[in-house]
Amino acid sequence: MNAAVLTKTQQTSTNRLNNKHYYECVTKRGLDPEWIKANCRTVTKKEASELLGYKAKCGGIWLEGDNFVGQLRPDDPWNSEGKPKDKAPKYRNPLGEYDASLANNPHNPEYWEKLDELAKICYIIDGCPCLVLTEGLFKAIAGCSNEIPTISIPGVEQGLTPGKDDPQ
């Protein structure tokens, strides 16, 4: 592959998905293999710990978008703060502030930078181009790979004002 068209994740990572994770993403979820390759990689427990900034209890799939916002889908979700196993989060976020994630486009590395081109494939509502907002990078990959510009937030409560701080 020509280095000029490699995504940011591909440029910084030599690790790709193992067979189990590839099967989960492409066969079970039905996601486009090229988009999965551009946004996902298998990580070990040690790598997951480094990426998260705290001790991971297992490895898994590291999802990382164009803007370097990452999230771990652990192979064996673990509970937090003594919560029951059935309450274990399916995804883990790194320490620090959360941000929206933009899926790497394997065919167009400037997908999120050329706004005039992006606006042409957006939904148009009252003359304004609109993006789709969803929870999780897998859903954003599904949208973007089907030419629906989709931004991901890491979870349904990320980015929201806590109820105790909400004046409404």
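Residues are numbered from 1 along each chain as its sequence is written, and side-chain values use heavy atoms, with hydrogens and water left out. Because the model is predicted, local features need pLDDT of at least 70 and side-chain atom pairs count only at pLDDT 80 or more, while totals for chains, interfaces and linings use all residues. Helices (H or I, at least four residues) and strands (E, at least two) are DSSP runs, numbered from the N terminus.

**Confidence**

- The protein chain has an average pLDDT (the predictor's confidence in each residue, from 0 to 100) of 85, and 83% of the residues score at least 70.
- Residues 1-13 have a pLDDT below 50, and this stretch has 25 contacts (heavy atoms within 4.5 Å) in the model beyond near neighbours in sequence.

**Helix H2 (residues 19-28)**

- His 21, Glu 24, Cys 25 and Val 26 of H2 are buried; buried means under 20% relative accessible area, exposed over 50% and partly exposed in between (1.4 Å probe, protein chains only).
- These residues lie on the same side of H2, because they cover an arc of only 165° around the axis; the arc is that of the directions from the helix axis to the C-beta atoms.
- Asn 19, Lys 20 and Lys 28 are exposed on the other side of H2.
- The cover over the buried residues of H2 includes helix H3 (33-39), E1, E2, E3 and H6.

**Helix H4 (residues 45-52)**

- Ala 48, Ser 49 and Leu 52 are the buried residues of H4. Their arc around the axis is only 100°, so they sit on the same side of H4.
- Lys 46 and Glu 50 are exposed on the other side of H4.
- Strand E1 (40-43), strand E2 (60-64) and E3 are among the elements that cover the buried residues of H4.
- Gly 53 follows H4 and has a positive phi, near 85°.

**Strands E7 and E8**

- Strand E7 (residues 132-135) pairs with strand E8 (residues 150-153) in the parallel sense over four bridges; two strands pair if DSSP finds at least two bridges between them.
- Leu 133 has Ile 151 in E8 as its bridge partner.
- Between E7 and E8 the chain passes through helix H6 (residues 137-145), and this β-α-β crossover is right-handed. Right-handed means that, with the strands pointing away from the viewer, the path from the first strand over the helix to the second runs clockwise.

**Aromatic pairs**

- Rings of Phe, Tyr and Trp (its six-membered ring) pair if their centres lie within 6.5 Å; planes under 30 degrees apart count as stacked, over 60 as edge-to-face and the rest as tilted. By this rule there are three aromatic pairs.
- Tyr 91 and Phe 138 form an edge-to-face pair, because their ring centres are 6.5 Å apart and their planes are at 65°.
- This pair links distant parts of the chain, 47 residues apart: Tyr 91 is in the loop between strand E3 (70-74) and strand E4 (101-102), and Phe 138 is in helix H6.
- Tyr 91 is partly exposed at 27% relative accessible area, whereas Phe 138 is buried at 6%.
- Tyr 111 and Trp 112 also pair edge-to-face, at 4.9 Å centre to centre and 90° between the planes.
- Ring pairs link Trp 35, Tyr 111 and Trp 112 into a cluster.

**Surroundings of Trp 112**

- Trp 112 lies in the loop between E4 and helix H5 (115-121) and is buried, with a relative accessible area of 11%.
- Not counting residues up to four places away in sequence, Trp 112 touches residues including Asp 66, Leu 102, Leu 131, Cys 144 and Ile 151.
- Asp 66 and Trp 112 are 46 residues apart in sequence and 8.2 Å apart in space, C-alpha to C-alpha.
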